[in-house]
Amino acid sequence: MFCPLCGSKDTKVVDSRLSQEDLSIRRRRECEHCRYRFSTVEEIELLDIVVVKNDGRRETYSREKLESGIRHSLTKRPYTQERFRQLIQLIERDIQKKKQREITSRGIGEIVMKHLKRFDTVAYIRFASIYRSFQDAKTFETAVRSLEEKSTKHKSLRVRKHLTRRGKKMGK
């Protein structure tokens, strides 16, 4: 690693830490020539993965294309760059877990929707409306209703668990 200050290639790693999700490594480095300290971040890069499109065409996987599509669905939604970076890393981790040299665009879309549903429900609906080609308002309404039902069910389950734990603490 070259020193960003003096350009020397003699740098050493002083400290390494995994990110909270274990998806990247942050390294603290020091230049042995000028003693300048700087940080680097290492992330997994998806290499040699081919995306098979719906019409049968094949393209090399592009992180930029993935980011662009997700950013489009997140237009005017609140999120930080750090959370966005983590979202992309989680999606790419799931793609990597498939252990395949080829993945369909549909497979990537399903992975994206799984993570967007947890990340931002509005972005999820926006992405789903394009990905699933909603033809009319009824299809859109059905998707929103399904999301609301799952959300209500999840909330009531969390409340039930909380009350059960609280009851155990109180000796009931």
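A: Here is a walk through the chain and then the pocket.

This is a predicted model, where local features need pLDDT of at least 70 and side-chain atom pairs count only at pLDDT 80 or more, while totals for chains, interfaces and linings use all residues. Residues are numbered from 1 along each chain as its sequence is written, and side-chain values use heavy atoms, with hydrogens and water left out.

First, the setting. The protein chain has five helices and six strands (DSSP runs numbered from the N terminus: H or I of at least four residues for helices, E of at least two for strands). Along the sequence they come as β-β-β-β-β-α-α-β-α-α-α.

Now the pocket itself. A pocket here is an open set of points on a 1 Å grid over the protein atoms alone, where a 1.4 Å probe fits, with protein on both sides within 12 Å along at least five of seven lines; lining residues have an atom within 4 Å of a point.

There are 21 lining residues, and Lys53, Lys65, Ser105, Ile108 and Phe127 are the closest to the centre of the largest pocket. Strand S5 (58-60) and helices H1 (63-73), H3 (105-119) and H4 (121-131) each bring at least two residues to the lining. H1 gives the largest share, with six residues.
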